Amino acid sequence: MAAARNVYTVGQVNSYIHRMFSEDYLLRSILVRGEVSNCKYHSSGHIYFTLKDASGTLSCVMFAGRAQRGLSFRMKEGDEVVVQGSVDVYEKTGAYQLYAERIVRDGAGLLNEKYELLKKKLEEMGMFAEEYKQPIPKYIHTLGVVTAPTGAAVRDIINISKRRNPYIRIILYPAQVQGEGAAQSIVSGIHALDTLGEHGGPDVDVIIIGRGGGSLEDLWAFNEEIVAQAVFDCSTPVISAVGHETDTVITDYVADLRAPTPSAAAELAVFDYHQFEQDILSLKNTLTQTLYRKTQHLADILKTQEQTLRRLSPAQQIRSRRLRLDSMANQLQADMSLKLQKQRSRLIRREDLDRRMERRIEQSRHQLQLLSAGMERLSPVRRLSGGYGFLTDEGGNAITSAARVHPGDGIRIRLGDGRIRARAEEVKNERPVRIPLQKIKV
């Protein structure tokens, strides 16, 4: 044995083989069909069994935690099953085996089981998560379609799209949608339309992938993992429209939007141009009215500000104060004029009163003169000076009748130029003489 060659331990070899197995993509997730033999349920819940066919055997184990979720029946000797899992090396013994994650019966339900397995796997990878869904644009110019070039599906998509929008551009990638090679053809179509703008073509706004109805086998291309991965990786929003409304495929979960039929996909992808025109007209009218109201509002604000500016401007302030001063001067002049007029009126009234008083005094003076003249004529003093006298007794009481005097009574006589005291010697009563009085006119 040559000394230069490296010598490895058993553990190193087993570890190296383990790394080889773990790095192999195929062995990390594989489906294996076979017949169950040597099936043993351990008390821990683990299941140990062997898969065999005409060409060989494969040791398998399914741990208790996996068995609770991935096995729906009690497996027994001779069952034909399909096992999903990974192949790895148990380093302690150096034996490789299949670590089962899901086991289903083989036969008519195989595709359904395979569908469920892939669905579960992709869901765990997060490919169905809503946060990865892209919104479908409301208004698109170019629609990409990946489907068979003949058949009802493509006709429905084209007819409905053109009816909704006569100006829509439709780019069809004629793909194989059934049979061997269909999955790869669909993947190529998705990639071609997604990168069309990078190769000088128009940018595609939305891609519809789909086909008409059929059996599960007919629709199986849309359940392939490579198709699901292509839909997930596509930067252009994808609408999945496969089969009839009751049909569900893996791409329905991965796509950004699921349409129950190809016709419905066209309705969802292409906007109604006539409704769009009505919406634009309505928006135009609304915008026009809004702009008009806004313009009017701004014009009112501008007018108010202009008025405020004119009111607050120095020239306006001077003009306003000058007008106010003129008004005050006019008011003062009017007040002075009114005051002078009142004073003049009072003066006129006073002069009139003075004239009236003078006339009244003159009239009174004239009346006084007349009265004085009358009184002068009737004055006793004047009568006394004409030879008459005024008689009183000793007490100063006037003697108006001879009957009041008795002989021996003292008598006082008042004449016009003096007084005389006398004593009555004889009293003789006679009939009184009536002298008519002359009426004095004033």
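Predicted model: local features only at pLDDT ≥ 70, side-chain atom pairs only at ≥ 80, totals over all residues.

With ring centres required to lie within 6.5 Å, the count comes to eight aromatic pairs. Take phenylalanine 63 and tyrosine 99: their ring centres are 6.0 Å apart and their planes meet at 40°, so this pair is tilted.

Phenylalanine 63 sits in the loop between β3 (56–62) and α3 (64–70), while tyrosine 99 belongs to strand β5 (residues 95–105), so the pair ties together parts that are 36 residues apart in sequence. Are the two partners buried or exposed? Phenylalanine 63 has 41% relative accessibility and counts as partly exposed, whereas tyrosine 99 is buried, at 17%.

Now for tyrosine 273 and phenylalanine 276. Their ring centres are 6.0 Å apart with the planes at 40°, so they make a tilted pair. Both are in helix α10 (residues 273–312), three residues apart, which is about one turn of the helix.

Tyrosine 273 is partly exposed at 23% relative accessibility, and phenylalanine 276 is partly exposed at 23%. The two also belong to a cluster: ring pairs link Tyr139, Tyr167, Phe271, Tyr273 and Phe276.

## Charges over rings

Rings can have charged neighbours here, too. Arginine 74 has its charged end over the ring of tyrosine 41, 3.9 Å from the ring centre. Over the ring of phenylalanine 73 sits the charged end of arginine 105, 4.0 Å from the centre.

How values were computed: Residues numbered from 1 in each chain as written. Heavy atoms only, no water. Phe/Tyr/Trp six-rings, centres within 6.5 Å; stacked < 30°, edge-to-face > 60°. Helix = DSSP H or I, 4+ residues; strand = E, 2+ residues; numbered from the N terminus. Buried < 20%, exposed > 50% of the residue type's maximum accessible area, 1.4 Å probe, protein only. Lys NZ or Arg CZ within 6 Å of the ring centre and 35° of its normal.
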